[in-house]
Amino acid sequence: MKLVVGVTGGSGIPYALDTLRSLHAAGVETHLVVSSGAKRVMSAEGGPTLADLSALATHVHDDRDLAASIASGSYRTQGMLIIPCSAGTLAKVAHGFADTLLTRAAHVTLKERRPLVLALREDPLPRPALLNALAAHDAGATIMTASPGFYHAPKDVADLLHFVTARVLDQFGLDTPDFRRWDRSGSP
C-alpha cells in the first residue's frame, strides 16, 4: 500500500507524527509532503521536527516540486491524508487551487477518485471554513476533525493522539493493533 501524507500549518503536528509511526509500523509506503506553514508551526510549538517526521516516511518530497511522482495521476497510490489540515489548505483543496505539491497531490487524489482524508485542526470553524469543508466533501474528500474521543479511557496524551490516528487510518481500511473499539456493551 502507498499513501501520500500531507502535513500543513494547522496546530497539531503530533497527530502527523503518530500517524506516520502507525503507517511505518504497518509497512505502508508513505510519501510525505510538509508545507512551509507546517514548518513554521513546528518551530513555534517546539514539538516534533521535520527530521522526526522524515525518519518515519518512505519518501520525502519538497512541497515546491510540482514534478514529483505524486503530482501525476499516473502514479498510483491508495489515497492521501492531510493531517493536520489547516483552514487555508482546506480552502485550496475545496476549490482546486493546486499551487504546491501538497495541494496538487490532493487535486490528483480527487480527480483519480482515490480516498482523500482531511483531518482539520481548527476551532471554531467560521462559515467560510464550513462552506469549504462542504465543498471538499462534495468533491470527494472525507472531512474529519482532530478531536479525540474518550470512550477508550485514555491514560495520556499519546492515547488521545492515537485515537485520531486510528480513526483516520480506518478510512483506508488499516487497523492499528492497540486501538480499542466501542462494543455493544457500552465499554471499549
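A residue is termed buried when its relative accessible area is under 20%, exposed when it is over 50%, and partly exposed in between, as computed with a 1.4 Å probe on protein chains only. The structure described is a predicted model, in which local features need pLDDT of at least 70 and side-chain atom pairs count only at pLDDT 80 or more, whereas totals for chains, interfaces and linings use all residues. Residues are numbered from 1 along each chain as its sequence is written, and side-chain values use heavy atoms, with hydrogens and water left out.

The chain contains seven helices and six strands, where helices (H or I, at least four residues) and strands (E, at least two) are DSSP runs numbered from the N terminus. Along the sequence these elements follow the pattern β-α-β-α-α-β-β-α-α-β-α-β-α. The radius of gyration, taken over C-alpha atoms, is 16 Å, close to the 16 Å given for 188 residues by the globule rule (2.2 Å times the number of residues to the power 0.38), so the chain is as compact as a globular protein of that length. Its C-alpha atoms fill a box of roughly 50 × 35 × 35 Å along the principal axes. Of the 188 residues, 47% count as buried. With contact defined as heavy atoms within 4.5 Å, 76% of the contacts between residues at least 6 apart in sequence join residues at least 24 apart.

Strand pairing was assigned where DSSP finds at least two bridges between two strands. Strands E1 and E2 run parallel and are joined by six bridges, with Val7 standing opposite Val34 in E2. Five of the six residues of E2 are buried, leaving the strand mostly covered.

A parallel pairing is likewise found between strand E5 (residues 116–120) and strand E6 (residues 142–145), over four bridges. In this pair, Ala119 lies opposite Met144 of E6. The chain passes from E5 to E6 through helix H6 (residues 127–139), and this β-α-β crossover is right-handed.

Helix H2 (residues 36–45) has Gly37, Ala38, Val41 and Met42 as its buried residues. Viewed down the helix axis, these residues fall within an arc of 145° (the arc of the directions from the axis to the C-beta atoms), so they line one face of H2. They pack against strand E1 (2–7), helix H1 (13–25), strand E2 (29–34) and helix H3 (50–56). The face turned away from the buried side carries the exposed residues Arg40, Ser43 and Ala44. Gly46, which follows H2, has a positive phi near 70°.

Ile13, located in helix H1, counts as buried at 1% relative accessibility. Beyond residues up to four places away in sequence, Ile13 touches Val7, Thr8, Ala38, Val41, Met42, Glu45, Pro48, Leu53 and Pro84. The C-alpha atoms of Ile13 and Ala38 are separated by 7.6 Å, although the two residues lie 25 residues apart along the chain.

In helix H4 (residues 87–94), the buried residues are Thr89, Leu90, Val93 and Ala94. These cover an arc of only 135° around the axis, which puts them on the same side of H4. Their packing partners are strand E4 (80–85), helix H5 (101–111), E5, H6 and E6. H4 is followed by Gly96, for which phi is positive and near 70°.

Helix H5 is largely enclosed by the rest of the structure, because eight of its eleven residues are buried. The buried residues are Leu101, Leu102, Thr103, Ala105, Ala106, Val108, Thr109 and Leu110. Just after H5, Arg113 adopts a positive phi of about 60°.

Note on methods. Right-handed = clockwise from strand over helix to strand, strands pointing away.
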